[in-house]
Amino acid sequence: MRYQGVAVVPGVSRGHLWAPSRANGANGAPEAAGFASFEALRQRFIDGAGALPEDLRAMYEAIALDPMWDEGIAAHLDASDSLPAAIRATAKEISATLEGLDDPYLRARAADFTQIGAQLLRLHEGAAGPRPDSILCARDISAVELAQWSAQLSGVVLIEVAPTAHVAIVARGLGLPTIALGGSSNGLYSTAQGPGGEAASILNGFEGWLETAPPPELAARYRPERITAQPDPLPVSVGGRAIGVYANVNFPDDAPLAAGLGADGIGLLRTEFLYVDRPQQPPLEEERAAYARVAATFSGRPIVVRTLDLGGDKLGMGIERDGLDHGMLGVRGIRLSLRRPDAFGQHLRAILEGFAGADVRLMFPMVTLPEEFAQARDLVGLAARRAGAAPPPLGIMVEVPAAAYAFEAFAREGCSFVSFGTNDLAQYFFASDRTKIDSAIDPNTNAAFHAFVSDAVARAKRAGLEVGVCGEAASSAAMTSVWIECGVDELSVAPGLIPWLKARLRNELSTSGKVNT
C-alpha cells in the first residue's frame, strides 16, 4: 500500500515499521509513585538530551524544568492520582493551555510538552526500543528519543508532526530518510505498533512516500540511500548555466526551514491551508497576515504564490454543498475561482496586500484555456487597483496536457512563466488517479512522459516563457538529467531536499557538459 506524504529528509530506506506501544506507565514499579520519582524520571530525560545540539538540549531542559510540571504533578499526586496518571494529565493540561495562546512560538511548544510527557511514561514503564533496521512511525516522539534510537533506525515517518518540528531537525542532522504524513495515516501507526509492522516497507525521502509490502519490481528499483544535507545558501551556477532551486511551501511555518536550508526562493506557495475543511472563506485580515509572515521570511527572494486550488481532494468554503462536480476532472482550481469572482477577488487582494513590497508572482492552477487565464488576469488587475498595488507577473501551473500546446496564446494574454505541476500532469497524462497510481506507471522513468515534458518545455521556451517544475518529479533523481537537458530555469522541491538537489545539480552540470545557457 502506498502512503503519499511530504519529503522531509532525502534518502531511501528499507525495513520494518515500528512505533512504541502507547505509553501508560502501567508497568512501572509500584513504589515509584511520589514526586521524587517524577524528579528522577525528569533527570533521566534531561541526561538523555545531552546528545542533542546545544540549542535543542537547552530548550528541552528548559521545558522539562518548567514550573508547570511541578505544579501539575504535585496537584494530581495530592489528589491521589498515580504517577503515570499525574504525568499524563499534566502534559495534557499544559498542552491545552499553550494551544489556546495567540503567540505562535508558545503554541508550537504544546507538542514538546506532549512528547516529553509520553517519553516520561515510557521511561517509567521501561518500554523497549526498536530493533535494527526499523522505520520509526513517530507521532509523540521527542527528538531526545530519536537520537537515542537512531542507531537502530533506517528511516522515519512523521505522523501529524510538522516537517519543521524538532524531531525532524534531528532526523535531518542524522541523515535519516524522513517523510511526513497527515492524520489520515493513523491506521499506519496502529499497524506499526502490532504484528503488521513486521512486513518489509520502502520509504522514499526524495519523493515523499512509504510503500508497505512492496512488490519485487519496486523493491529492486529502490535501494537504500542515506544523505546528510547541510544548509546550502549558494546558487547553482556552473560554467554559465544557472538553475534556481526553490521551495514548495505548504504552510507559513515551512518558510523558515526553507530559507534556512538555502532556498533561492519559493517556487510554490500553496494557499489552501487557510481554506481546507473550513465552511467559509477566512477573513481578509487573517489571510493577509499569514502571507505577510512568509514575505518577511523570504525578503528579497522571489515568491510564486499559487492561487486557491480547491476541489479534487481538497474541500473547503462549503463547495461540497454547491451541487457541482468538484472531482479531479470537475470544477476545481481556476475553474472554481472564476465561478466565484467575489471570493476570488478577496483572496487576490489578501495576497497582494500580504506580499506588498515583496518579489511576488501569481500562478493560476488547473488552467486549460488561454481564455481562463485572461479572465483571471483581469480579476487580478481589479484586485490590484483595490489594493493600491501594481499587478505582479502572472503564470500558470501546467497540469492539463492541453495547456502545453497553447503556450504562445498564453504569452499573448500576458503570461510570463509556467511551472509544471507534475503530480496532476502525470495523472492526466496516464489517465491514472494520482492517489492510486500503479507502481508500474512511474512518470520518473517513463520514456513517453520524458518526451512529452521535453517537448512542452521547448514549446514554452519558444514562446518566451520562464519555465519551472514544482511537482514531485522536480526532486526525482531519475529526472534530473531530463530537466537539465530541457533547459528548465528552476526546480521547486520540499524544503528538506534543497541542499541535496543543489549538490546533485552541480554534479550533473559538471559531468554532463550541459553548462551553457
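Over the face of which residue does Arg2 lie? In this predicted model, Arg2 is placed over the face of Trp209, at 3.9 Å from the ring centre.

**View 1. Charged side chains over aromatic rings.** Besides Arg2, which lies over Trp209, this view takes in Arg139, whose charged end sits over the ring of Tyr189, 3.9 Å from its centre.

**View 2. The stacked pair of Tyr291 and Phe355.** A pair of aromatic rings is described by the distance of the centres and the angle of the planes. The count of aromatic pairs in the model comes to 17, and among them is the stacked pair of Tyr291 and Phe355, with 5.7 Å centre to centre and 25° between the planes. Tyr291 belongs to helix H11 (residues 284-297), while Phe355 is found in the loop between helix H13 (341-354) and strand E14 (360-364), so the pair ties together parts that are 64 residues apart in sequence. Tyr291 counts as buried, at 0% relative accessibility, and Phe355 counts as buried too, at 1%.

View 3. Because Phe429 lies in helix H16 (residues 422-430) and Phe452 in helix H17 (residues 447-462), the pair ties together parts that are 23 residues apart in sequence. Phe429 is partly exposed, at 29% relative accessibility, whereas Phe452 is buried, at 8%. Both residues are members of one aromatic cluster, which is formed by Tyr405, Phe429, Phe430, Phe449 and Phe452.

View 4. His450 lies in helix H17 and, with a relative accessibility of 19%, counts as buried, since the cut-off for a buried residue is under 20%. Leaving aside neighbours within four places in sequence, His450 is in contact with Pro443, Asn444, Thr445, Ala478, Met479 and Val482.

**View 5. The nonpolar cores.** In soluble globular proteins, nonpolar side chains tend to be buried together. The largest nonpolar core here has 87 residues, of which Phe355, Phe364, Ile396, Phe407, Phe410, Val418 and Phe420 touch the most other members. When neighbours within four places in sequence are left aside, the contacts of Phe364 are Thr307, Ile334, Phe344, Phe373, Ala376, Arg377, Val380, Leu394, Gly395, Ile396 and Met397. A second, separate core is made up of 47 residues, including Trp69, Ala110, Val144 and Val161.

**View 6. The largest cavity and its lining.** The structure holds 3 cavities of 30 Å³ or more, and the largest cavity contains about 70 Å³ of space. Its lining consists of Gln281, Leu308, Met317, Leu336, Ser337, Arg340, Ala343, Phe344 and His347. Helix H12 (334-339) and H13 are the elements that give two or more residues to this lining, and H13 gives the most, with 3 residues.

View 7. Most residues other than glycine have a negative phi, and most peptide bonds are trans. Asp133, although not a glycine, has a positive phi of about 65°, and its place is in the loop between helix H5 (104-125) and strand E4 (134-138). Met366, likewise a residue other than glycine, has a positive phi near 55°; Met366 is placed in the loop between E14 and helix H14 (370-387) and counts as buried, at 1% relative accessibility.

Terms used. Residues are numbered from 1 along each chain as its sequence is written. This is a predicted model: local features need pLDDT of at least 70, side-chain atom pairs count only at pLDDT 80 or more; totals for chains, interfaces and linings use all residues. Side-chain values use heavy atoms; hydrogens and water are left out. Rings of Phe, Tyr and Trp (its six-membered ring) pair if their centres lie within 6.5 Å; planes under 30 degrees apart count as stacked, over 60 as edge-to-face and the rest as tilted. Helices (H or I, at least four residues) and strands (E, at least two) are DSSP runs, numbered from the N terminus. Buried means under 20% relative accessible area, exposed over 50%, partly exposed in between (1.4 Å probe, protein chains only). A charge sits over a ring if NZ of Lys or CZ of Arg is within 6 Å of the ring centre and within 35 degrees of the ring normal. A nonpolar core is a set of buried Ala, Val, Leu, Ile, Met, Phe, Trp, Tyr and Cys residues joined through side-chain atoms within 4.5 Å. Contact means heavy atoms within 4.5 Å. On a 1 Å grid over the protein atoms alone, a cavity is a set of points where a 1.4 Å probe fits but cannot get out, and a pocket is an open set with protein on both sides within 12 Å along at least five of seven lines; lining residues have an atom within 4 Å of a point. Grid points are joined across faces, edges and corners, and a volume is the space filled by probe spheres set on the points.
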